[in-house]
Amino acid sequence: MRGKPNLVLITSDQHRGDCFGFEGRAVKTPHLDHLASSGTRFSACITPSAMCQPARSSMLTGLYPRTHGVVDNGIDLPRHTGENGFGGQLTRAGYATAFIGKAHFSSYNTFTATGTPECRHSSSGYAGDWLGPYMGFKHVELAVLGHELAEMASQNKGQHYERWLRSGGGGEERLGLYGTRLDPDVGAMQTWHSALPVAWHHSSWVGDRVIDFLDEQGADQPFCLWASFSDPHMPFDCPEPWSRMHHPDEVDLPVVRERGLDQRPWWHRAYVEDRSIDPAMDQAIYDHDESLNRLPRRNGRARNYNDTEEQLRHTIANYFGMISLIDHNVGRILDAIASRSLDNDTIVIFTSDHGDWLGDHGMMLKGPMFYEGLLRVGFLIKGPGIPAGKVVGDPISNTDIAATLLDYAGVASAYSMHGRSVRPLVESSSASRDYAYGEWDLNPEHWGLDLKLRVVRTKRYKMTLEVNSGAGELYDLVNDPAETVNRFESDRVVRKELEEMLNDRPSDELKDPLTPSGVH
């Protein structure tokens with residue numbers, strides 16, 4: 001390897017840790033399977049928070065949410081904090097840095113203009129030739145509205161992907177194709193076969209733009225690229241033919257589909273049985289005012305979820321198709337790296353910001369219940385010096401990404417991070433980790449519940465504590481992988497050990513919480 005390595009971080013959005021071919025599920029991911037077998041994978045990586053903005057801010061900064069301040073969606077990462085994350089530090093260390101795809105470091109659905117390139121009120125003020133910098137990355141090409149195309153099709157909103165999709169005055173036509181529900185439509189929640197040609201899809205656009213970026217790199221400067229796919233985030237609107245790659249009759253269903261609320265702490269029932277949510281919202285493509293008021297509750301969607309088995313199968317098949325389309329573009333990116341003779345000089349990491357319940361325990365999407373489908377994500381790493389075929393079972397968190405990238409670049413962090421480099425776990429058989437940690441403070445004005453959740457996961461156990469009430473849940477993931485028996489009250493010895501791990505979190509939280517700018 002010559003000099004400093006190139007660094008490529010590839011992320012998906014709302015991608016469960018078990019939804020890879022190598023995990024045994026019936027989803028087709030040949031390129032990610034090859035990435036796992038030719039590199040090292042971590043089987044117990046968790047998100048630092050179950051929502052996009054807190055998780056992504058932790059990935060960038062290496063800090064836990066209550067320290068960088070983005071404790072929930074709808075809170076903007078402060079510019080100075082973001083610019084000092086791994087992108088900014090590597091830029092200052094001489095790397096050519098780039099971000100392509102979905103950032104979500106700032107809110108789109110804001111109450112007023114915030115001035116960020118991701119804000120619905122501000123994005124139109126950025127010139128068509130604006131390419132950064134943003135949050136420390138020198139070169140930036142953003143896909144802001146991958147989940148809400150109706151908002152941008154004929155309006156000057158969004159950024160690079162949205163402007164490209166609108167180019168030539170074709171926004172209305174393309175939106176019409178995107179929203180066309182091809183047969184069969186069984187009425188599954190937020191699920192349809194989209195008629196949007198795959199060439200216009202944001203996953204294809206990210207793959208195209210990443211390959212163009214690789215073509216522009218010279219041999220005299222290392223680069224760091226974050227390629228961020230917006231899927232398989234809801235709505236489940238995969239384009240043909242990818243939406244039909246997995247037959248609904250052949251997908252694997254959740255092991256446990258019953259909620260079992262009597263086994264759960266109080267906030268599960270309080271969340272699930274909120275009757276203030278209108279189920280009709282789930283079929284609407286987008287409405288800004290409604291979104292400001294109700295979007296987080298709609299997104300959680302444990303409430304009112306009552307799809308049939310047939311409908312759930314169609315949703316899972318579509319979700320799998322979205323993942324396979326991402327996998328295809330990951331393969332294109334990996335092939336572009338190899339064909340340009342960059343593979344011996346490049347570290348590649350693939351992961352996601354968080355998962356999705358996907359029918360587990362009778363729930364869909366995401367919310368304040370840290371079941372494995374939501375909490376655990378994949379983490380694959382490949383490059384020079386990285387063992388092939390190694391599986392690490394020690395728990396890690398995506399908070400470790402920033403420290404890991406800086407470590408491989410040989411750059412000392414400008415500040416003390418909560419995350420730690422996973423490099424020792426990759427390269428040594430003697431290194432170990434005891435646990436990984438996460439947190440989420442829900443905004444009660446958005447969610448209807450005032451919850452302060454702390455979660456710790458070891459190889460065997462996982463415990464979530466709600467700080468305000470002292471209630472919690474504890475599961476033995478070895479003997480009860482489906483998380484059916486809550487041992488929080490019955491196993492006080494393990495509970496005490498895990499509480500001590502929770503209490504090890506540094507006391508460096510922001511003294512003055514950040515003010516929400518919107519809802520997401």
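Trainee: What makes strand E13 (residues 452-457) count as mostly covered?

Mentor: Five of its six residues are buried, where buried means under 20% relative accessible area, exposed over 50% and partly exposed in between, with a 1.4 Å probe and protein chains only. Strands here are DSSP runs of E with at least two residues, and helices are runs of H or I with at least four, numbered from the N terminus. This is a predicted model, where local features need pLDDT of at least 70, side-chain atom pairs count only at pLDDT 80 or more, and totals for chains, interfaces and linings use all residues. Residues are numbered from 1 along each chain as its sequence is written, and side-chain values use heavy atoms, leaving out hydrogens and water.

Trainee: How do you know that E13 pairs with strand E14 (residues 461-466)?

Mentor: Pairing requires that DSSP finds at least two bridges between the strands. Five bridges join E13 to E14, and the two run antiparallel, so they pair. Val455 stands opposite Thr464 in E14, and three residues lie between the two strands of this hairpin.

Trainee: And what about strand E12 (residues 436-441)?

Mentor: E12 pairs with E13 in the antiparallel sense over six bridges. Gly438 stands opposite Val455 in E13.

Trainee: Why are helix H9 (residues 202-215) and helix H12 (residues 309-339) called roughly parallel?

Mentor: Their axes, lines fitted to C-alpha atoms over the stretch in contact, cross at roughly 10° and come within 9 Å. Angles run from 0 to 180 degrees between N-to-C directions; under 35 degrees counts as roughly parallel, over 145 as roughly antiparallel, 65 to 115 as roughly perpendicular and the rest as oblique. H9 and H12 are therefore roughly parallel.
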